[in-house]
Amino acid sequence: MPTLWSQLNTIYPNVLSPDPERSINGTQLFDAVKGRLDGDYAETSIRQHFSEMSRDPTTSIAKLALRHGYYLRPTQDRETVEVAASSNAVTTAAIGTRGEQPEEKFRAIFIRLAERENRFPMHIEHTRASGRTAGINLWKFPDVVLLQWEVGELTDQGFKLDPNLLAVKTSLGEQPFSLSSVELKVELSASTFRENFFQCVSNSKWAHAAILAIAWRITDDTLIEELRRLGASFDVSIASYGLAPETLESFPKASDIRSMSDADFDSKIAPKIAINHINTAKQRASLDWEHLRDLRTLSPDFKSLFEWVARCLADKRAYAYDRFRTLLEITGQT
């Protein structure tokens, strides 16, 4: 049976208008698709797919940037993203859809691992930035943002915020969370590592911490030492995930990695990963709010980032980003 993702992508053209002015909200979209699905899916899962798929520019659903509502993504937009993405592919082989690219597979793996460590990830989509096209924002926006709470603990019910510690930290003017800017690279080489490194530095000026994560294993000791030196000089944490190129290529597509059960991820993906922490950097004391104002005007994702943090603080709960988007769907706010 086709996955929920593929079924919805086929259904959207039959229920969504290509005119953004005739967009519909999440409740209306759920009512339109629920009778067309083959399989028994929870309403929250379906609504979560609306949000996640609208952030993937290769799907047939799009979301208004500054207002609530879903509409049919123009075909030419999807084709433009796929062509631009394939031009930046690491291998020269035909990649196919975006989710089959090594970059997207690695992003999915990184996000799964971050979730396990209670570092709450958010995918930043460069192509959603205002007035920009694919590839232009490589030096301005990170690939992933991590939200890490300083006032939480792991319980039998999952990761929970401590409301008392949150109140004390807030009253003392101390930050109860940190935000890390993450640049993901499939590979680094002696000829490209400086450009890749300073791209990470540029993308992370606003954040508490900068992270450069590399999928492939690095065996060049000179390159490792150069990365360690740069990381220490510019306060960038650097890690290689030790994957062989052919191993990463053999993994299932990104959407399948995201939807894997923990047991499948543990047996099929995790054993192939060997993380080497090349440099561990210290955090900055505060966020750069002037820089953030610029990012928030250009990217709806950065606007959503702080709506997410604000909702967590207001409810005193550490919501995963997808859970936050689902809450907005349920309450008709998106």
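Partly exposed, as used in these legends, means a relative accessible area between the buried cut-off of under 20% and the exposed cut-off of over 50%. The views come from a predicted model.

**View 1. E225 and R228 pair up in helix α8**. At 44% relative accessibility, E225 falls between those cut-offs, so it counts as partly exposed. R228 is partly exposed too, with a relative accessible area of 32%. Their side chains make a salt bridge, 2.9 Å from N to O.

**View 2. E43 reaches R47 in helix α3**. Here the closest N and O atoms of the salt bridge are 2.9 Å apart. Both residues belong to helix α3 (residues 43–54), 4 residues apart, or about one turn of the helix.

**View 3. E104 and R107 form a buried pair in helix α5**. This salt bridge spans 3.0 Å, N to O. E104 and R107 are 3 residues apart in helix α5 (residues 102–116), which means about one helical turn lies between them. Both are buried, so each has a relative accessible area under 20%.

**Across the views.** Side chains of opposite charge can pair when their charged atoms come close. Searching the whole structure turns up 14 salt bridges, among them E43 with R47 and E104 with R107.

How values were computed:
Residues are numbered from 1 along each chain as its sequence is written. This is a predicted model: local features need pLDDT of at least 70, side-chain atom pairs count only at pLDDT 80 or more; totals for chains, interfaces and linings use all residues. Side-chain values use heavy atoms; hydrogens and water are left out. A salt bridge is a side-chain nitrogen of Lys or Arg within 4 Å of a carboxyl oxygen of Asp or Glu. Helices (H or I, at least four residues) and strands (E, at least two) are DSSP runs, numbered from the N terminus. Buried means under 20% relative accessible area, exposed over 50%, partly exposed in between (1.4 Å probe, protein chains only).
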